[in-house]
Amino acid sequence: MEIAKTYIQFKQETDLAVSKIKTGAMTMAQGAVELGYQLKLARDTGILQESGYSSMAEFAREEYQIRPDQASRYIQINDKYSVDGYSNQLKGKYAGIGVSLLVDMLQLPDAVRDEITASFSREDIRSLAGEIKEENAVTDLEVMMEEKDAAQEELPGLLEMAAYQLGKDDPELYAELFDAVYEENMESVIESLVPDEEKIYSLRIPGTGRLLLSMKTAEENEPVKLINVRSQEKEGYTWQQLEEALRRTMHFENGPIESWEKQYMDTFPQKETGKEVEKEPERKVQKAKLPKKTPPKENREVAPAQPEEQIPGQDSILNHPEYAPAAEFEPAPETMTSICYSCGHWNECHEKSNTVTECNEFQNKTEKTPEQKYEEEQEKIDRETQRKLKEQEETAPPAKPERPVRQLRISGATYEEIASGSRTFDIQKNEKKFYPGDRIEYMEFKEGRNTGRILSVEVTYVLEEHSCLEDGYCIISVKVVDADE
């Protein structure tokens, strides 16, 4: 369509676009793209000079009762869904999608929007938008500090990590895929993963973020796409590559349940029996399953112990005083005139009585013997020595343990920053403790794959306590020792 030469032609073309939106679902998307294009012309050219309107917003409001926010939305639809981003023609891939879905899709990043076709429902698109919004609410530092799965971290690439997470999130799908992978039946693998031609799995990988695993049976070259929600990087794979990634998570010496339990170190969840669970409709989008947070333990008051109830017919020692142990003799101060009462040998003496006034063995209890004084002095010295030793143990720095060189993963950008000296620090989980003098070998990873480049550094300083750090993390200062070109 040629650009209108006069305002009258422009107005006729705009009227036609609006009529397409109003007349029916089959023409609404095309009409929305055309209207967005007309509004762009009104905004970017001098076509309104003959009309008397001073702006595109005034023209849209007065002629078609279109508010500024609605006009902006039509322009966005043209930006995203028209051929070349500035024309009156709808891209062919969006021909069967309604306007309401196109509007919802505006919330999606370009890398994700390209995976949407007419078979996706509005609920599917909103689920995707919710997953992406939830991920974007998490900061990069929070992702870095997440507790990672050690087995998952050892995998060579993002596709393998995604396959690992898919099996962990959906044990029943894992068991179904187990037989198909074991039999090398690619058709069964695809049918299990994509029962209705298209499917997007949302997978949340600790320490990496959310990945979208998109699959389309109609595509031949790269039917599997892996999208990193945080970086918007997209990588394409074949069915064979995905099958190999799934195979890495399976142990074929056992059955599917035993294999899952061995891989994920957990008990395979069992279905509830005796209940009829209403089957949910099949969705094109499967949401990520986040780890359950352990609820805090309740402080429960412990009831005081109750006295043991007497068994009927059971006898008691209280009924037989003749068998009870004899009570020790305790003199009464008000009647005692003997010096025995105040003697230090009272307990072991066998000749004490109420009438003793003189005794060669008498020892006043209030006066301490030289031996007692010496023992008390030694006990005091021992206590003071123990206290000082304990203080020294608490204040002394921990002994540096002997450990091998650590190997850690970093991105290509971080590798270059540290290697060039523009970045001299790193944030790491401090489970095994970092100390000045420690050696680290950083392994460079790009797009989930190990490039083979190694960056050797020495830790020069460790900061363990700071307001910006969560518990268990530290900031380390590093000095480059050697770096691969």
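Tutor: C474 is buried, at 0% relative accessibility. Buried means under 20% relative accessible area, exposed means over 50%, and partly exposed lies in between, with a 1.4 Å probe and protein chains only. C359 is partly exposed, at 42%. The disulfide count is zero, where a disulfide is a pair of cysteine sulfur atoms within 2.5 Å.

A word on the ground rules. This is a predicted model, where local features need pLDDT of at least 70, side-chain atom pairs count only at pLDDT 80 or more, and totals for chains, interfaces and linings use all residues. Residues are numbered from 1 along each chain as its sequence is written, and side-chain values use heavy atoms, without hydrogens or water.

Now Y473. Y473 sits in strand β10, residues 473–483. Strands here are DSSP runs of E with at least two residues; helices are runs of H or I with at least four; both are numbered from the N terminus. Y473 is buried, with a relative accessible area of 5%. Leaving out neighbours within four places in sequence, Y473 contacts M144, M145, E146, E147, Q428, K429, N430 and E464. Contact means heavy atoms within 4.5 Å. Take M145: M145 and Y473 are 328 residues apart in sequence, yet their C-alpha atoms are 7.3 Å apart.

β10 belongs to an open sheet of five strands, in the order β6-β8-β9-β10-β7, with mixed pairing. Two strands pair if DSSP finds at least two bridges between them. The edges are β6 (406–411) and β7 (425–429); each has a single partner strand, so one side of each lacks a neighbour in the sheet. From one strand to the next, the twist averages 45 degrees. The angles, on a scale from 0 to 180 degrees, are taken between N-to-C directions; axes are lines fitted to C-alpha atoms, for helices over the stretch in contact. β6 runs parallel to β8 (residues 439–446), and six bridges join them. R406 faces I440 of β8 across that pairing.

Next, the other sheet. It is also open, with five strands in the order β4-β3-β2-β1-β5 and mixed pairing. β1 and β5 run parallel, joined by two bridges. Y201 has Q286 in β5 as its bridge partner.

A helix covers part of this sheet. α7 lies across β1, β2 and β5, and runs at about 155 degrees to β2. Its length checks out: 15 residues at 1.5 Å a residue should span 21 Å, and the end C-alpha atoms are 21 Å apart, which agrees. The expected span is 1.5 Å times one less than the number of residues. Buried in α7 are D124, I125, S127, L128, A129, E131, I132 and E135. An α-helix has 3.6 residues a turn, so residues three or four places apart point the same way. Cover for the buried residues of α7 includes α5, α6 (110–113), α8 (140–144), β1 (198–205), β2 (209–216) and β5 (285–286).

Look at S127 within α7, which covers residues 122–136. S127 is buried, at 10%. Beyond its neighbours within four places in sequence, S127 contacts V285 and K287.

Compare α10, residues 158–169. Its twelve residues should span 16 Å, and its end C-alpha atoms are 16 Å apart, which agrees. Eleven of the twelve are buried, so α10 is largely enclosed by the rest of the structure. Among them are L158, Y164 and D169.

Two loop residues deserve a check of the backbone. Most residues other than glycine have a negative phi. D84 has a positive phi of about 65 degrees. D84 lies in the loop between α4 (68–81) and α5 (99–105), and is exposed at 75%. Q232 also has a positive phi, near 65 degrees. Q232 lies in the loop between β3 (224–228) and β4 (234–237), and is partly exposed at 29%.

Finally, the whole protein. It has 16 helices and ten strands. Of its 485 residues, 37% are buried. Among contacts with a separation of 6 or more, 57% join residues 24 or more positions apart. The protein exposes about 31400 Å², with 49% from carbon and sulfur atoms. Areas come from the Shrake-Rupley method with a 1.4 Å probe; for residues, only the protein chains shown count as cover.
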